[in-house]
Amino acid sequence: MKYSDSVRKIKGVGEKAEQNFHKLGIWEIGDLLEHYPRDYDEFHDVVPVSELEEGKQMAVEGVLRGKPVVKNTPRMKIIRACLEDGSGAVQVTWFNMPFLAGQLHMGTRYLLRGKVGRVNGNIVLEQPKLYSRNEFYKNVGKMLPIYPLTAGLTNNQVAKAVQSALAGCEGITEFLPAEIRKRHGLIGFHKAVQDIHFPKNRVEFLKARKRLVFDELFLYQVALKAIRSRRDCASPHVMEERKEVEVFRESLPFSLTEAQDYVFQEIVQDMTGGRVMNRLVQGDVGSGKTIVAVMALYLAVCNGSQGAFMVPTEVLAAQHHASLQKMLGQFGVRVGLLTGSLTAKQKREGKEMLVSGEWDIVVGTHAVLQDNVAFRDLALVITDEQHRFGVRQREMLSEKGEEPHILAMSATPIPRTLALVLYGDMDLSVIRERPADRLPIKNCVVGTDFRPRAYKFMREQIALGHQVYVICPMVEENGESELESVSIYAEKLRGIFQDSVVVDGLHGKMKPQEKNDRMERFGSGEIDILVSTTVVEVGIDVPNATVIMIENAERFGLAQLHQLRGRVGRGPDQSYCILMYGTDSKESRERLSILSDTNDGFRIAREDLKLRGQGDFFGVRQSGDKLFQLADIYEDAKILTIANEEAGHFCFEEVHSFYRKNKRFAERLEHYMGKVSL
Ligand code: ADP
Ligand code: MG
């Protein structure tokens with residue numbers, strides 16, 4: 001058997017199992033071997049019955065008391081028995097194993113291992129396996145793999161297949177240079193793969209993990225380096241500085257902050273410097289990234305080229321389109337909008353405007369990526385809220401021009417080290433300060449009994465002419481649809497606030513047109529209280545809103561709460577954020593208090609990362625699939641540093657020779673190249 005053979009070659013893997021493996025993305029034996037366990041079942045020694053802990057897999061040994069009770073329900077057969085040791089007795093339950101009834105004997109000793117559950121307040125042992133002492137003690141100390149599965153495939157099946165593959169597979173090729181392994185005490189690839197599946201103990205597991213984590217981070221860094229060198233090329237769009245941009249700047253109702261000014265200078269240098277710009281601007285919510293982007297777009301337009309401003313949502317597209325038109329229209333710049341919800345005719349016309357060059361700038365959503373969208377001369381691509389985009393999407397957009405300059409903007413502040421890893425191929429600009437006229441948002445963390453006072457406070461703010469966001473509870477848990485939960489809440493508020501206050505709702509399931517309409521009415525001040533789900537989270541800018549109340553705040557991540565809170569405090573007025581927890585626990589209160597202690601997005605992101613690990617932090621939002629299988633950029637910071645250094649020394653001849661020699665290495669490198677942002 002070879003790494004690249006089909007999984008069908010494994011004994012016991014038939015057509016059915018093969019199909020199920022395909023569903024998990026496993027085609028070749030190598031894929032299977034790199035389908036690492038998501039967790040382990042640590043096989044511990046027997047404990048006294050009195051020490052059973054709910055939720056764990058545990059083993060006990062004792063004597064069966066009383067006759068096992070067999071119960072037949074329409075759906076299953078249940079056997080209940082009672083096991084006793086010196087410390088106490090526990091109820092044992094088996095489902096759908098009727099044959100056991102004849103095998104269990106009163107007064108006999110048994111060694112059982114299963115999941116500890118709780119029924120009617122009592123600890124029970126569920127569906128345990130019966131072990132002989134011999135068999136049991138062979139396993140103690142081991143960590144048994146728990147695999148990501150799919151319907152039709154059991155954990156046991158996967159484990160067995162992996163075992164046969166490991167036994168029958170010769171030549172799992174080592175691909176790290178021996179010196180690198182020696183320098184950092186990394187075990188061989190073959191052994192690492194073996195031990196990540198079936199570690200004999202924790203120490204072996206950690207060694208295997210270290211090696212494989214190193215691989216992931218190292219390859220990723222090498223990929224970054226390769227991409228960076230590819231991108232580092234002369235620009236076909238070398239721009240000239242233009243006086244018009246200064247005039248535009250003078251026309252703004254405010255002056256730029258020092259940070260905005262500095263970042264814009266960096267951008268100008270990139271665009272006029274002769275190389276292709278590839279820059280990420282990180283700025284906390286409300287730090288004023290949009291205006292910097294607008295100035296860059298105007299610079300491109302003044303140089304006779306076109307710019308594209310891509311955003312993740314229709315609502316944000318409409319908002320940016322309106323504000324760009326307002327700002328740049330007076331200078332003769334033609335700004336178009338291209339989104340999925342436009343009519344076919346509008347889209348067709350828009351595309352014509354772009355090809356002919358009648359539009360200087362297009363603001364759009366994914367619709368801009370469609371095949372038949374072309375530009376006359378696209379020189380600058382900007383993505384707002386860039387963490388919301390997949391890599392491919394951004395690349396597709398830049399392919400619509402000839403090596404256009406790229407500017408990505410993100411409000412998800414991540415620590416610098418992390419940014420270097422994730423966006424290591426980009427230059428980084430940071431806007432740390434917020435416009436000077438901003439007062440820090442006042443925060444409070446409260447329980448639901450605070451609601452009446454919160455409503456009173458909102459009423460006062462509305463009387464002063466301000467507006468309010470209410471983020472209503474998330475949907476999943478109460479079983480309502482998004483629509484129901486928003487409309488029920490809005491109805492409730494209408495009842496409380498009566499006619500003088502206009503309440504309306506916004507949620508993700510609305511048609512784009514409806515969403516835009518709601519946002520417009522909120523933006524123009526027609527709506528006083530906007531009840532919404534987290535759809536308002538990205539980018540929405542209504543400076544007159546001064547209060548945001550977030551229900552069930554404990555269910556959100558800190559970084560997300562910070563984004564939500566960033567909807568207020570966008571104008572000169574004092575703003576307030578009410579974080580309301582639904583279920584009270586010391587832990588969630590402590591977590592939320594981090595938010596009330598600071599408005600600094602960078603600090604919050606750091607805490608969030610610490611608390612949740614990178615998995616959730618980037619989680620589903622990123623693109624659905626995880627960047628690394630094993631590595632955790634935060635936890636594995638040490639290995640990351642080493643991998644970074646080694647990748648730095650790794651010269652390209654070496655990369656190429658590896659590439660040719662080792663298919664798996666080549667595949668992995670390509671895999672990571674695809675994951676590098678932009
Ligand atoms: P974000 O960085 O979250 O995208 P925006 O670019 O939407 O923030 O800016 C938030 C608000 O701040 C907008 O209403 C914008 O007009 C305003 N703004 C931007 N720069 C300044 C500034 N230098 N002084 C005052 N207000 C500003
Ligand atoms: Mg923004």
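My entries on the helix packing and the pocket follow.

**Entry 1: the helix pair.** A reminder to myself that this is a predicted model. I looked up how helix α12, residues 314-328, packs with helix α18, residues 512-523, and found an angle of about 50°. Their axes lie 9 Å apart. I wanted a word for that arrangement: angles under 35 degrees count as roughly parallel and 65 to 115 as roughly perpendicular, so α12 and α18 are oblique to each other. I also noted the hand of the crossing of α12 and α18, which is right-handed.

**Entry 2: who touches whom.** Which residues meet where α12 packs with α18? From α12 I wrote down Glu314, Val315 and Ala318, and across from them in α18 are Pro512, Lys515, Asn516 and Met519. By class, the residues of this contact of α12 with α18 come to four nonpolar, two charged and one polar.

**Entry 3: the largest pocket.** Next I turned to the largest pocket, and its volume came out at about 1,400 Å³. I counted 49 lining residues, and the closest to the pocket centre are Phe254, Ser323, Met327, Asp541 and Pro543.

**Entry 4: what the lining is made of.** Which helix gives the most to the lining of the largest pocket? My note says α12, with nine residues. Helices α9 (243-251), α11 (289-302) and α18 join α12 in supplying at least two residues each. I sorted the lining of the largest pocket by class too: 20 residues are nonpolar, 17 are polar and twelve are charged.

Terms used
Residues are numbered from 1 along each chain as its sequence is written. Chains are lettered from A and ligands numbered from 1 in the order in which they are written. This is a predicted model: local features need pLDDT of at least 70, side-chain atom pairs count only at pLDDT 80 or more; totals for chains, interfaces and linings use all residues. Side-chain values use heavy atoms; hydrogens and water are left out. Axes are lines fitted to C-alpha atoms, for helices over the stretch in contact, and angles run from 0 to 180 degrees between N-to-C directions. Helices (H or I, at least four residues) and strands (E, at least two) are DSSP runs, numbered from the N terminus. Angles under 35 degrees count as roughly parallel, over 145 as roughly antiparallel, 65 to 115 as roughly perpendicular and the rest as oblique. A crossing is left-handed if the near helix is turned anticlockwise from the far one by less than a right angle, and right-handed if clockwise. Contact means heavy atoms within 4.5 Å. Ala, Val, Leu, Ile, Met, Phe, Trp, Tyr, Cys and Pro count as nonpolar, Asp, Glu, Lys and Arg as charged, and the others, Gly among them, as polar. On a 1 Å grid over the protein atoms alone, a cavity is a set of points where a 1.4 Å probe fits but cannot get out, and a pocket is an open set with protein on both sides within 12 Å along at least five of seven lines; lining residues have an atom within 4 Å of a point. Grid points are joined across faces, edges and corners, and a volume is the space filled by probe spheres set on the points.
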